[in-house]
Amino acid sequence: METPQLHSTNRTIIGKQVKQLRHNHQLPGVVYGNETENRNITISLLDYDKILRQAGTSTLVDLIIDNGKPTKVLLHEPQIHPVTQTPIHADFYVVKMNEKLQTEIPLHFEGESEAVTVLDGTLSPQLDALNVECFPDKLVPAIEVDITALKTLEDILRVSDIKVPEGIEILNEPEEVVLTITPPRSEEEIAALEEEVGEAADEAAVGALEVSEEKPEEEGEAATEETKDTKEKE
């Protein structure tokens with residue numbers, strides 16, 4: 001698979017002034033790791049989003065700074081703006097191709113489970129990624145997990161059941177649970193849940209009514225006090 005490339009430029013703007021970069025759809029970032037001198041860079045937010053969707057955080061990316069020689073990096077999870085939910089800062093970790101590294105690789109569940117399609121169970125993931133160790137060139141965007149073996153509501157998928165590409169070592173405990181099946185609710189459970197929801201709605205309605213009834217009284221009291229003050233002034 002061809003290594004995706006991301007072009008960037010050296011950045012001299014720091015501090016509060018980086019807001020102007022973001023205003024122009026540019027993303028501030030930093031390159032660091034493996035005895036590499038930290039470098040501040042700027043990348044196109046559009047290009048970064050595209051590469052992040054393509055490579056994720058567990059695939060090598062060729063980072064090119066000012067048209068220089070590509071540097072092999074991993075994208076770390078970006079800092080996200082709490083309101084706009086857009087990246088506001090990106091980290092790029094430099095790797096050494098001849099040294100193993102430890103990282104997380106996300107899990108991707110594929111196939112159909114009879115416990116779901118026939119018995120109306122619901123998939124309940126307990127893990128969404130595996131801790132692994134490997135050489136950088138063995139990294140993959142995701143580990144495919146086949147769920148067709150889950151045929152009953154009691155079936156459990158464990159770490160030991162997952163097959164990973166050659167060269168990748170799983171660091172999780174073999175018996176750690178990855179996926180379980182949640183049985184469908186019985187009619188009694190559904191009725192009880194509906195009753196709870198109904199009671200909660202009634203309580204909320206009563207609370208809202210009490211507040212609305214109290215408000216005119218408070219306003220009336222305020223008006224009375226205001227009238228009293230006026231008469232006293234007169």
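Modeller: Three strands form an open sheet in the order 9-14-12, and their pairing is antiparallel. Strand 9 (122-125) and strand 12 (157-158) are at the edges with a single partner strand each, so one side of each lacks a neighbour in the sheet. Strands here are DSSP runs of E, at least two residues long, and helices are runs of H or I of at least four, both numbered from the N terminus. Two strands count as paired if DSSP finds at least two bridges between them.

Strand 9 pairs with strand 14 (residues 177-182) over four bridges, in the antiparallel sense. Within that pairing, Pro 125 has Leu 179 of strand 14 as its bridge partner.

A word on the source. The model is predicted, with local features needing pLDDT of at least 70 and side-chain atom pairs counting only at pLDDT 80 or more, while totals for chains, interfaces and linings use all residues. Residues are numbered from 1 along each chain as its sequence is written, and side-chain values use heavy atoms, without hydrogens and water.

Now the largest pocket. A pocket is an open set of points on a 1 Å grid over the protein atoms alone, where a 1.4 Å probe fits, with protein on both sides within 12 Å along at least five of seven lines; lining residues have an atom within 4 Å of a point. Its space is about 150 Å³, a volume filled by probe spheres set on the points, which are joined across faces, edges and corners. Ile 156, Leu 157 and Asp 161 are among the lining residues. Strand 11 (residues 143-146) gives the most to this lining, with three residues.

Next, strand 2 (residues 26-33). Six of its eight residues are buried, meaning under 20% relative accessible area with a 1.4 Å probe, protein chains only. Seven bridges pair strand 2 with strand 3 (residues 36-44) in the antiparallel sense. Val 30 faces Asn 40 of strand 3 there. The two strands make a hairpin with two residues between them, and Asn 34 in the turn has a positive phi of about 50°. Strand 2 also runs parallel to strand 7 (residues 87-94), joined by four bridges. In that pairing, Tyr 32 is opposite Tyr 93 of strand 7.

Last, the whole chain. The protein chain holds four helices and 14 strands. Of its 234 residues, 29% count as buried.

Definitions and conventions. Buried < 20%, exposed > 50% of the residue type's maximum accessible area, 1.4 Å probe, protein only.
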